Structures are given as structure tokens and as C-alpha cells.
Amino acid sequence: MSTILNFTGTLLKNLVSKPVTKNYPEEPAVYPERSRGHIVIDVDQCISCGLCVRSCPPRCIKVDKNEGTWTINRFDCIACGYCASKCPKKCLSLVPGYQKPGRSKAAVTYKKSAEVMEAERKKAEEMAQRKAAAVKAAGEKKAAAQTGGQAAGAAAQVQAAQAQAAAPVKAPSENQ
Ligand code: SF4
Ligand code: SF4
């Protein structure tokens with residue numbers, strides 16, 4: 001009897017309460033605050049240092065500095081978050097939610113904008129010019145120091161020769 005009463009109570013409760021299941025995907029999924037979803041990148045902030053590549057356990061990231069690209073194979077990513085924790089520019093983060101399902105296991109590549117690439121190219125050019133100027137200045141300083149040393153040595157030799165010539169010559173009798 002008590003079983004029938006319990007069942008009736010549960011039945012009535014379920015008839016008047018909302019369903020516990022979500023109407024996904026018609027309604028967006030609500031992810032728990034600390035869920036590990038997927039990695040996103042603000043690629044224009046990336047300096048192509050490669051720390052994320054070295055810290056990734058399944059080696060699913062590739063960085064090409066010349067092309068300005070950052071590539072991830074999401075099918076190999078285990079959402080550990082190491083890459084985000086190592087990134088010096090904080091341009092990687094783990095966000096809740098999953099990626100759209102795909103038909104192939106292709107990696108996704110993100111490319112820096114043309115403006116950022118141009119700015120980086122100019123910066124690298126300026127740095128190379130500054131380095132070349134510093135090397136040239138150091139070479140000139142070293143050469144000047146060597147020339148100065150040689151001139152000083154020659155002057156000292158001339159002075160010594162002059163002093164020797166000016167000294168009075170003693171007669172042989174004076175030496176006895
Ligand atoms: S979250 Fe982990 S597995 Fe995924 S890309 Fe970053 S380091 Fe690699
Ligand atoms: S660690 Fe950050 S800045 Fe360095 S290559 Fe990876 S995403 Fe770019």
C-alpha cells in the first residue's frame with residue numbers, strides 16, 4: 001500500500017514540475033563555471049614564442065613565426081590548460097563550451113592580421129638596424145683604441161730617440 005502511495009506522490013510531482021532534461025541543442029547549454037571547454041586564442045597578441053608548443057602534452061599546437069600562424073589540432077587537445085598557463089602574453093584561455101562537430105580531423109589555423117604582421121616586420125627591421133649600428137660602433141671604437149695605442153707607442157719611441165741624441169757625449173778620458 002505504501003509503495004502505491006509513494007508512486008502516486010512521485011507521479012503527481014512529476015506531472016506538475018518542469019522536466020529535468022534540457023532541450024539541447026534548441027536551447028543553449030549552460031556549462032558549469034569551472035568546466036574545461038576549449039582553448040581560444042587572441043592571435044594578434046601572440047609573439048610566436050613557442051612556449052605553448054613545448055608545454056602541450058599531446059603536442060597538438062604548431063606555431064609558425066614567419067607565417068604568423070598558430071595551429072591547433074582540437075581532436076588531440078585534452079583541455080589541460082597548460083598552454084594557457086605558460087603563455088607570457090596571456091592570449092590563450094580555456095573557455096566553457098564545445099566546438100562544433102566536424103567531418104574531418106583537420107587542425108584549425110589562426111593567422112595574425114596584416115596590420116600586426118606589418119608592425120612586427122618593421123619592429124624586427126628596426127632592431128636589426130640598431131644591432132648592426134651597435135656592432136659597427138663597437139668595431140670603430142676598437143679600431144680607434146688600437147690606432148691610438150700604436151700612435152702613443154711611436155711617439156714614445158721618438159721621444160726616447162730625441163732624449164738620447166740630446167744627451168752630452170762623454171770623452172773617453174772622462175769615463176776613466
Ligand atoms: S589545453 Fe593542453 S592539450 Fe590542449 S592545446 Fe593546451 S596544452 Fe595542449
Ligand atoms: S605561448 Fe602564447 S605568445 Fe607564445 S606562441 Fe603560444 S600563444 Fe603565442
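Ala, Val, Leu, Ile, Met, Phe, Trp, Tyr, Cys and Pro count here as nonpolar, Asp, Glu, Lys and Arg as charged, and the others, Gly among them, as polar. The model discussed below is predicted.

Q: Which class of residue supplies 12 members of the shell around ligand 2?
A: Ligand 2 is surrounded by 16 residues, the closest being Cys 46, Cys 49, Leu 51, Cys 52 and Cys 87. By class, the shell holds 2 polar and 2 charged residues, and the class with 12 members is nonpolar.

Q: Which strands are the edge strands of the open sheet, given that each pairs on one side only?
A: The open sheet has 3 strands in the order S2-S3-S5, with antiparallel pairing. Each edge strand pairs on one side only, and the two are S2 (61-64) and S5 (108-111).

Q: What is the bridge partner of Lys 62 in S3?
A: Lys 62 is found in strand S2. Strand S2 runs antiparallel to strand S3 (residues 69-72), and 4 bridges join them. Within S3, the bridge partner of Lys 62 is Thr 71.

Q: Why is Lys 62 classed as partly exposed?
A: A residue is buried with 20 or more other C-beta atoms within 10 Å of its own, exposed with 12 or fewer, and partly exposed in between. Lys 62 is therefore partly exposed, since the number of other C-beta atoms within 10 Å is 16.

Q: How many Å separate Lys 62 and Gln 146 in space, C-alpha to C-alpha?
A: Leaving aside residues up to four places away in sequence, Lys 62 touches Val 53 and Thr 71. Gln 146 is 84 residues apart from Lys 62 in sequence, and their C-alpha to C-alpha distance is 49 Å.

Notes. Residues numbered from 1 in each chain as written. Chains lettered and ligands numbered in written order. Predicted model: local features only at pLDDT ≥ 70, side-chain atom pairs only at ≥ 80, totals over all residues. Near = placed C-beta within 6 Å. Pairing = 2+ DSSP bridges. Contact = placed C-beta atoms within 7 Å.
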